[in-house]
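I opened the notebook to write down what I looked up, one item at a time.

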Amino acid sequence: MGAATIRELPSTDADARVDELVDLLLAVVADGASINFMQDVTAAEARAFWQRELAGVATGGTTLLVAELDGAIAGTVMLVLAPQPNQQHRADVAKMLVHPTVRRRGIGAALLEAVEHLAPRRHRTLLMLDTEKDSAGERLYASHGWIRYGEVPDHAHLPDGTPKATSFFYKSLA
Ligand SMILES: CC(C)(COP(=O)(O)OP(=O)(O)OC[C@H]1O[C@@H](n2cnc3c(N)ncnc32)[C@H](O)[C@@H]1OP(=O)(O)O)[C@@H](O)C(=O)NCCC(=O)NCCS
């Protein structure tokens with residue numbers, strides 16, 4: 001298996017890749033990550049999620065970056081532009097997902113660096129995100145200079161129903 005390639009997936013290509021996106025999301029939930037879904041999530045629900053996100057990609061409000069290994073999608077991250085007229089400098093980083101079988105080889109870091117590189121090109125210099133407390137994601141963001149500004153206890157449930165705190169981060173690129 002070679003190195004991962006990070007690239008923007010344009011909406012024109014995304015529809016043909018939605019099965020891979022569904023498989024990735026289901027694998028990450030099955031592995032126990034808190035990413036808004038419970039363990040009984042169905043492929044149809046995962047598909048509906050991605051189709052909503054891809055509608056945002058089509059209108060330009062969302063950019064989807066994918067990590068490809070041997071041409072197959074192994075990871076994702078999205079840059080979601082804040083729509084508020086008074087926050088045109090801000091964006092959310094969302095759905096940072098790496099397939100459980102290819103973790104701890106730098107794909108998450110490469111996706112994060114790519115989305116941080118992209119944001120100023122979309123005129124966004126303040127990035128925000130939230131993630132499960134004490135997770136690999138939390139370590140990844142902290143190691144890339146993100147500021148953890150708080151946590152909310154019992155904010156979300158793990159796929160198995162266990163309540164878990166969520167940590168909130170921001171990073172200024174200005
Ligand atoms: C968070 C997540 C995206 C990280 O993806 P990843 O590809 O494993 O990330 P990286 O490989 O860049 O870094 C993760 C760890 O691997 C380590 N690592 C990176 N390359 C490595 C290598 N070649 N050998 C050994 N370890 C390595 C990093 O130092 C880091 O270590 P740490 O967890 O002890 O801090 C992944 O764990 C994931 O998808 N989690 C579930 C979803 C989630 O919670 N997403 C975030 C919130 S939406």
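Is Thr76 buried or exposed? I noted before anything else that the model is predicted. Thr76 has a relative accessible area of 0%, and buried means under 20%, so I wrote Thr76 down as buried.

**Entry: surroundings of Thr76**

I found Thr76 in strand E3, which covers residues 72-81. I then looked up what Thr76 touches, leaving out residues up to four places away in sequence. The list includes Leu21, Leu24, Trp50, Leu64, Leu65 and Val66. Lys95, Met96, Leu97 and Leu111 are also on it. For Lys95 I noted one distance: its backbone oxygen lies 3.0 Å from a polar atom of the Thr76 side chain.

**Entry: aromatic pairs**

How many aromatic pairs are there? I got a count of 6. One of them is Phe37 with Phe49, with 5.5 Å from centre to centre and 85 degrees between the planes. Phe37 sits in the loop between helix H2 (18-30) and helix H3 (43-59), while Phe49 is in helix H3. The two are 12 residues apart, and the pair links distant parts of the chain. I checked the accessibility of Phe37 and Phe49 as well, and both are buried.

Next I looked at Tyr149 and Phe168, an aromatic pair with 6.2 Å between centres and 50 degrees between planes, which is tilted. Why does this pair tie together parts that are apart in sequence? Tyr149 is in strand E6 (residues 147-157) and Phe168 is in strand E7 (residues 163-172), so the pair joins parts 19 residues apart. Tyr149 has a relative accessible area of 43%, so I put it down as partly exposed. Phe168 has 18% and is therefore buried.

I also recorded an aromatic cluster made of Phe37, Phe49 and Trp50. Trp50 was already in my notes as a residue that Thr76 touches.

**Entry: the ligand**

Which residues come nearest to the ligand? Of the 17 residues around it, I listed Met96, Arg104, Gly106, Gly108 and Ala109 as the nearest. Met96 had also come up among the contacts of Thr76.

I then looked up distances to oxygen atoms of the ligand. A polar backbone atom of Arg104 is 2.8 Å from a ligand oxygen. For Gly108, a polar backbone atom is 2.8 Å from an oxygen of the ligand. With Arg103 it is a polar side-chain atom, 3.3 Å from a ligand oxygen. My last entry is the area: the ligand taken alone exposes 930 Å², and the protein buries 70% of that.

Key: Residues numbered from 1 in each chain as written. Predicted model: local features only at pLDDT ≥ 70, side-chain atom pairs only at ≥ 80, totals over all residues. Heavy atoms only, no water. Helix = DSSP H or I, 4+ residues; strand = E, 2+ residues; numbered from the N terminus. Buried < 20%, exposed > 50% of the residue type's maximum accessible area, 1.4 Å probe, protein only. Polar contact = N/O pair within 3.5 Å; in protein donor to acceptor, adjacent residues only side chain to side chain. Contact = heavy atoms within 4.5 Å. Phe/Tyr/Trp six-rings, centres within 6.5 Å; stacked < 30°, edge-to-face > 60°. Near = heavy atom within 4 Å. Areas by Shrake-Rupley, 256 points an atom, 1.4 Å probe, with all protein chains shown as cover.
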